[in-house]
Amino acid sequence: MNTTNQTNLQDREAAWAKQRRVVEQSLARRHAAERRFRGLGLSGVIFGLAMVALLFVTILAKGLPAFWQATIPVEIYFDPQIIEVEQRPGLLPGESAAQLREREMAWQTQLTMSNWNRLIENALLEFVPEAADSRAELRRLVTSGERFRLRDMVVADPSLIGKRVRLDLLADANIDVWLKGNIDRDLSDSQQQLSAKLRQWADDLYARDVIRMSFSTTLFTNTDSRSSLASAGLAGALAGSLYMMLIVILLAVPVGVASAIYLQEFAPRNKFTDLIEVNINNLAAVPSIIFGLLGAAVFINWFKMPLSAPIVGGLVLSLMTLPTVIIATRSALQAIPPSIRQAALGIGASKMQTIFHHVLPLALPGILTGAIIGVAQAIGETAPLLLIGMSAFVAAVPATPFDQSTALPVQIYLWQGNELRNFFEARTSAAIIVLLSVMITLNAFAIWLRKRFEKRW
């Protein structure tokens with residue numbers, strides 16, 4: 001009997017040991033699978049962050065040098081013998097405003113006929129006296145748009161005639177890329193964009209600190225230019241983007257929030273509202289270029305709104321942003337516990353008071369976050385703006401949303417296709433940095449608003 005009991009005990013111990021080994025092996029497999037899953041997840045996060053970091057490093061490496069541009073500090077003498085112009089006309093007794101404007105235009109035309117290039121040449125000859133017989137070649141050190149800058153200065157202040165003014169003239173785009181090393185210096189003269197004499201002058205002036213790399217304020221104050229590439233800037237594109245952003249904020253955000261509040265809190269649950277919700281979700285997934293086609297067909301062809309105007313771009317982007325704002329607002333409202341509504345109704349508040357006095361303030365951080373992120377996303381869109389004509393060349397800052405303009409994403413698209421790749425590749429990256437800065441600022445503002453209202457409520 002004792003032998004039988006001992007045998008049964010040994011069998012049970014063997015079974016338990018076998019079961020324990022099975023459990024240990026199962027736990028080991030599960031722990032290994034968990035470690036693999038964590039490793040894969042961590043690897044995915046690291047890989048994503050590495051790609052984002054690589055993108056930002058690449059853009060910064062290419063774009064930051066464009067914020068510094070070759071300039072030539074010179075003293076311009078507004079020689080009266082070169083600027084042969086009469087005194088600026090003033091209002092005569094009995095003269096109408098139209099007659100004064102006519103004489104003013106004639107005076108400006110006469111001023112335009114002056115040889116402004118000669119003023120630049122005379123200033124440069126102080127540093128390169130041996131170029132007296134090569135004035136046309138010497139003038140190529142400076143971008144062609146600087147002569148119009150001198151003209152505009154005199155138009156604004158005719159008393160400059162006969163005076164000396166210290167100015168920083170922009171070097172030509174080819175000079176800029178040559179000094180920055182963006183051109184292979186070992187190429188033969190036939191393959192170089194600059195003559196041997198001009199390259200020698202540029203290197204000599206740069207070595208003597210006559211030509212300097214200064215922070216490019218013109219990148220932010222000038223509009224785009226095709227004749228004077230070194231003068232090309234983002235002022236017009238920035239103004240156009242700001243106008244469109246303002247229109248999106250004034251239209252898409254209030255309409256989207258109001259629509260979401262009605263659908264979530266007041267609309268009856270039936271097939272019609274279900275159809276609306278399905279269409280809103282579908283619109284959020286529609287490619288942005290479709291909204292561009294809609295804007296071209298409706299706002300331009302039907303309503304005859306101006307082509308390439310921020311008002312049209314803002315309306316198109318508002319339509320594109322509406323679904324995002326509605327979905328984000330509804331999600332924020334759904335996150336509010338039902339007890340808030342029940343408590344407000346229980347103390348006698350009406351449906352309207354419950355929503356606007358209790359639910360909406362609590363949902364405000366999420367609503368603002370979704371709205372601002374939607375606006376930031378709209379600012380980076382390019383395809384719909386191309387279809388409404390905002391890719392046209394516009395050399396002026398829009399004064400109103402109805403004036404012709406371009407936008408930052410479109411300006412980036414135009415610059416990346418410019419034939420002078422050595423110069424505009426860096427400018428394109430600089431414009432991307434500006435656009436990313438605007439979008440990051442908007443996202444940071446959304447986070448700040450969310451934190452502020454979370455603390456308040």
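Predicted model: local features only at pLDDT ≥ 70, side-chain atom pairs only at ≥ 80, totals over all residues.
Biologist: Where does S241 sit?
Modeller: S241 is in helix α9, which covers residues 235–266.

Biologist: Is S241 buried or exposed?
Modeller: S241 is buried. Its relative accessible area is 5%, and the cut-off for buried is under 20%.

Biologist: What does S241 touch, leaving out residues up to four places away in sequence?
Modeller: S241 touches I379, T406, A407, L408 and P409.

Biologist: Now A297. Which helix is that in?
Modeller: A297 lies in α11, residues 288–302. A297 is partly exposed, with a relative accessible area of 41%.

Biologist: How far apart are A297 and V57?
Modeller: They are 240 residues apart in sequence. In space they are 41 Å apart, C-alpha to C-alpha.

Biologist: New topic. How many cavities of 30 Å³ or more are there in the whole structure?
Modeller: The search finds 3. The largest cavity holds about 60 Å³ of space.

Biologist: Which element gives the largest share of the lining there?
Modeller: That is α17, with 4 residues. β1, α6 and α17 each supply at least two. Among the lining residues are W68, D176 and F423.

Biologist: What kinds of residues line the largest cavity?
Modeller: The lining has 5 nonpolar, 3 polar and 3 charged residues.

Biologist: And the second largest cavity, how much space is in there?
Modeller: About 40 Å³. Its lining divides into 3 nonpolar, 6 polar and 1 charged.

Biologist: Which residues line the second largest cavity?
Modeller: The lining includes T223, D224, G236 and T406. T406 is also one of the residues that S241 touches.

Technical notes
Residues numbered from 1 in each chain as written. Heavy atoms only, no water. Buried < 20%, exposed > 50% of the residue type's maximum accessible area, 1.4 Å probe, protein only. Contact = heavy atoms within 4.5 Å. 1 Å grid on protein atoms, 1.4 Å probe; cavity = no way out; pocket = protein on both sides within 12 Å on 5 of 7 lines; lining within 4 Å. Points joined across faces, edges and corners; volume = space filled by probe spheres on them. Nonpolar A, V, L, I, M, F, W, Y, C, P; charged D, E, K, R; others polar.
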